[in-house]
Amino acid sequence: MTGAWERSRARDCPEQRRSKSKGGVHRETQSTHARARSGFCARVRGSAGLLCRSSRRQGSGVKFARGSSVMTQCARPGQHSEKPSSVCFISLDRMPSEILLNIFSYLDVVSLLCVGCVNRRFYHLTSDNLIWVKIYSTAFSSKRRYWKLTSVEETATCVSLLSVEDKEVGYWKKEYITRQISSLKSALAHIIMPVNPYTGLPVKTKEALRVFGLGWAIILREKNGKEYIMRHADHSVNDTSVTVVWYDKNWPHLATLSTLNLYGVTPLFMDQYLTPDPNSPRWLSLIGKYDLSNLSESTMMGCDGLIRIFCLNPGLLVGLWQKEDNLAFVMANLHFHHLVERSTLGSATLPYMLPPHSPLVDDSPEYGLQGYQMHIDMHGVGIFYLCSTFRNLFSRRECIENGYVKFVVISLKNNREHLPLIGKVGLAWRTNVFDGFIESCFVVDVTLLDEHRKPFWCVSSPVCMRSPAYPSDGSSFLGNTYYVDYMDKEGGVHAELVWIEETEEYFIVSLALYLSVAKINHWFGTKY
């Protein structure tokens with residue numbers, strides 16, 4: 001900003017200095033350019049944020065008054081103003097547009113967009129086509145930029161520059177942002193293209209999240225329409241999912257809230273070699289909508305001495321303080337399947353829509369009921385209790401009941417299939433003040449592949465262990481029995497666990513998978 005200010009040749013305000021002489025005191029008015037100072041810094045306060053990021057030199061600078069575009073000149077060390085009236089104020093709003101355009105032409109894209117938020121005049125000035133056509137040409141120049149231009153190409157370039165002003169104001173700004181979004185989406189699609197043949201999921205999902213600075217945010221809406229947006233405070237990447245957490249000291253009161261929307265957040269301008277700027281422009285992609293009125297006893301999963309936790313499908317966990325009945329934290333569990341697409345390709349109002357599926361028709365009488373492969377993870381936010389893969393799962397028409405097909409994954413009668421859960425089972429939580437551990441609750445990640453090794457049903461959701469209303473006849477003699485259930489419109493999981501007192505660990509003695517008949521018919525083109 002220093003160079004931009006000096007190049008603008010804006011006049012400084014007159015300043016009176018006193019110089020002592022033998023005959024007394026002599027007042028002298030210095031010329032503007034003689035008193036030009038080299039260390040200037042501009043900063044916009046208020047809604048616009050930072051105007052530029054130039055370094056501040058100690059003792060001298062140009063500062064903006066709070067909430068306005070007014071600059072005050074600061075004295076150097078050792079120089080003291082004799083009167084408060086000698087301080088000079090310069091209003092940017094009164095500066096000629098030519099000077100402002102010259103200043104704005106030295107800003108980077110992020111700073112330029114931030115300055116455009118100050119007022120209506122700055123918005124129109126920062127949308128100047130001459131500024132943005134230069135940015136556009138620099139960012140998306142031809143591959144032949146290192147070649148020597150011919151006279152014909154030079155003439156064509158001059159004609160195109162002359163026609164810049166023929167476009168409406170902001171035309172090249174829109175062109176640049178549109179192409180920037182398109183190029184970023186193309187780069188994301190390219191990086192997630194390779195698929196692991198064993199898991200059916202993209203190989204570089206973790207790399208895409210890191211390189212492109214993808215994040216998540218929630219928007220809390222009050223009943224009167226007021227909204228609060230919060231960026232995630234922490235996240236952990238698991239084998240097949242990511243767990244995202246929000247916590248804060250100043251949550252809005254729960255009684256005033258109506259809905260919670262979950263969004264993916266993508267930086268619009270991203271350098272893969274630099275850390276994403278949290279203040280840079282970003283776009284939102286809707287992932288899910290949740291009704292906070294559903295936080296009731298029916299959705300409560302567990303509690304400890306400080307909080308109670310509630311589950312809202314799909315995959316959202318809400319923690320409330322025991323005493324105040326206010327928000328403590330929000331936790332979202334997102335499966336890797338189409339995670340990048342859901343976090344980037346949706347809009348602020350509509351989620352990403354899956355591409356249409358074309359079924360592969362087969363004449364087999366049991367087509368769509370065999371050849372499945374399921375991978376299941378059970379973890380408590382970074383602590384894994386079970387990671388196992390089951391192949392060649394099958395079922396029969398006789399197992400269809402209430403619109404679901406049952407697949408037996410672990411049989412109660414086969415002791416060799418029973419699996420232990422390693423470690424103390426529970427869900428770890430934390431805020432910026434407290435942390436804790438809720439027993440008998442954890443997160444289940446399910447990745448189900450069809451016989452062609454394509455993802456058929458994928459889910460990541462918190463679950464809890466509950467004592468059955470009626471003890472099971474087959475496993476009750478081993479110890480205390482607990483059930484774990486999850487169900488949605490496409491599928492579900494039912495597990496039966498037994499607590500072994502001698503070894504102090506849980507064993508999964510029965511595991512069943514349920515798939516919707518409507519989902520199978522749509523996927524395979526069958527008519528069960």
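Predicted model: local features only at pLDDT ≥ 70, side-chain atom pairs only at ≥ 80, totals over all residues.

Colleague: How many bridges join β13 to β14, and which way do they run?

Modeller: There are 6 bridges between β13 (residues 307-312) and β14 (residues 316-321). The two strands run antiparallel.

Colleague: What sheet are they part of?

Modeller: An open one of 6 strands, in the order β8-β9-β15-β14-β13-β12. The pairing is antiparallel.

Colleague: Which strands stand at the edges?

Modeller: β8 (234-237) and β12 (300-303). Each has a single partner strand, so one side of each lacks a neighbour in the sheet. On average, neighbouring strands are turned by 20° against each other, direction ignored.

Colleague: Where is threonine 240, then?

Modeller: Threonine 240 sits in the loop between β8 and β9 (241-246).

Colleague: Is threonine 240 buried or exposed?

Modeller: Buried. Its relative accessible area is 6%, and the cut-off for buried is under 20%.

Colleague: What does threonine 240 touch?

Modeller: Its contacts include Leu201, His335, Phe336 and Asp377, leaving aside residues up to four places away in sequence. With aspartate 377 there is a side chain to side chain polar contact at 3.4 Å.

Colleague: Switching to α7. Which residues are buried there?

Modeller: Trp172, Lys173, Tyr176, Gln180, Leu184, Leu188 and Ile191. They cover an arc of only 140° around the axis, which puts them on the same side of α7.

Colleague: And what does the face turned away from the buried side carry?

Modeller: The exposed residues Lys174, Thr178 and His190.

Conventions:
Residues numbered from 1 in each chain as written. Heavy atoms only, no water. Buried < 20%, exposed > 50% of the residue type's maximum accessible area, 1.4 Å probe, protein only. Helix = DSSP H or I, 4+ residues; strand = E, 2+ residues; numbered from the N terminus. Arc of directions from axis to C-beta. Pairing = 2+ DSSP bridges. Axes fitted to C-alpha atoms, helices over the stretch in contact; angles between N-to-C directions. Polar contact = N/O pair within 3.5 Å; in protein donor to acceptor, adjacent residues only side chain to side chain. Contact = heavy atoms within 4.5 Å.
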